[in-house]
Amino acid sequence: MPGTVLLIAASPTGKGCLVDAASVLPVLAAVAPSVLAGTDTANVVELADPLQPQAVLTRLRAAATAPGPLTVFLAGQLQLDRRQRLPHLALARTTPATVRYTGFPWHWVREELRLRAPGTTSLLVDLHADAETWLHLGGRPLTVGPGVALYGRVAPPPRRRSVAAPTYMKSLATILRSGHRPPLVQLHQQALTRSYGDDAEAGGRDLVLAFEPRYPATGPVPGPVAAHVPAPAPAPVAPAPPMPVVPPVPADPHAEITAAVQGGRHAEAAALAERWELTALRTYGPGADEVVHWMEVRADLAMFAGDAELSCRIWLAVADARLAAGQSPDTAGVEAAVDRAHHQWGRIGDPARVRELGAALAGLRERVPGRRQGALDDVRRHLGRLRTEV
């Protein structure tokens, strides 16, 4: 059965704009519909900078009533209406004084999705909030009902007189452009990791949304968690015979790793990722997607720890692993690995290590030139300067 994908990017025009939401649409549009939906085929509907709440409601209602899986990608900003203090998605004509009439109420999202079969609906969001809404959300997290998967982040307002970018959604789209759609929890974690690589400061500020409908609907509804910590499992209750005992949901290793990084325990985070990579290697074999995923996690962790040399080495190994698995040099995953290796190589201070890894990078750049014009020449020039300095 085909899936349905709804792409929504909404933000006010003029000085009230906090995020350039529409800038993510070309990146999402470059992803194959089947990958966006996680189905063999999919219908994609795009809504860019809508003017009227009814226009958004019409699109959302049509998508919600379509058969098959539904995935909604939503980028924009949130504002509170002044009378009822309810969060709204700000649209093109929204101002602080007109939110109630020109914005799209968040509870409409919940109402339109509530009748869908549990496990068939996913909502991925990259939202920014003004100062008032940000404080409000600290005690009243966004929810979408127990049957809908919700992943993403809500960011605080950007610096004054600046407009933020939807970096989480762009990172997510970049990952999907590889043609592979990992499980949502992994996709979410990878997108967070990559977006925080561009803006490490954001990792400590954002409200991170992570709700998976596999949690029992009768338990507490998980909401935003600052360190990607999964919602606590409900207290065990002795089942009445003959009801079977439902095993607890396993802990998410990404959450544990992220918590270690945010606590400054980089060695602990690296050890955890190494352990999971070894497990994946034993289970799936060399070159498997699961193994490559944990290699990428370790490369990002080395970057967060300030070890550019190790990060470069791992990204080079990731590129080699992808190529050895049969991926073409112009595959997004291969290009991204070489680009990240190149970036980290430029941060290495030891000339001997620069020369050593530069030779490997140059060899890879000959096969994977990437989309950055002159990347191979850049490596060769840098190595040439080092030779003249010896």
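What follows is a short exchange about a predicted protein model.

Colleague: What should I know before reading the numbers?

Modeller: This is a predicted model, where local features need pLDDT of at least 70, side-chain atom pairs count only at pLDDT 80 or more, and totals for chains, interfaces and linings use all residues. Residues are numbered from 1 along each chain as its sequence is written, and side-chain values use heavy atoms, with hydrogens and water left out.

Colleague: What is the mean pLDDT of the protein?

Modeller: The mean is 83, and 87% of residues reach 70 or more. pLDDT is the predictor's confidence in each residue, from 0 to 100. Over residues 214-241 it is below 50, and this stretch has 41 contacts beyond near neighbours in sequence. Contact means heavy atoms within 4.5 Å. Residues 243-250 also stay under 50, with 4 contacts beyond four places in sequence.

Colleague: How many helices and strands does the protein have?

Modeller: It has 15 helices and 8 strands. These are DSSP runs, numbered from the N terminus: helices are H or I with at least four residues, strands E with at least two.

Colleague: Why are helix 3 and helix 5 called roughly parallel?

Modeller: The axes of helix 3 (residues 53-65) and helix 5 (residues 106-113) cross at roughly 25° and come within 9 Å. Axes are lines fitted to C-alpha atoms, for helices over the stretch in contact, with angles from 0 to 180 degrees between N-to-C directions. Angles under 35 degrees count as roughly parallel, over 145 as roughly antiparallel, 65 to 115 as roughly perpendicular and the rest as oblique. Therefore the two helices are roughly parallel.

Colleague: Which residues of helix 3 and helix 5 meet?

Modeller: Pro 53, Gln 54, Leu 57, Leu 60, Arg 61 and Ala 64 in helix 3 meet Trp 108, Val 109, Glu 112 and Leu 113 in helix 5.

Colleague: Why does Thr 71 count as buried?

Modeller: Buried means under 20% relative accessible area, exposed over 50%, partly exposed in between (1.4 Å probe, protein chains only). Thr 71 has 2% relative accessibility, so it counts as buried. Thr 71 lies in strand 3 (residues 70-80). Its contacts, leaving out residues up to four places away in sequence, include Val 5, Leu 36 and Arg 181.

Colleague: What makes helix 7 largely enclosed by the rest of the structure?

Modeller: In helix 7 (residues 167-176), 7 of the 10 residues are buried, so it is largely enclosed. Among the buried ones are Tyr 168, Met 169 and Leu 176. In the protein, buried residues make up 48% of the 390 residues.
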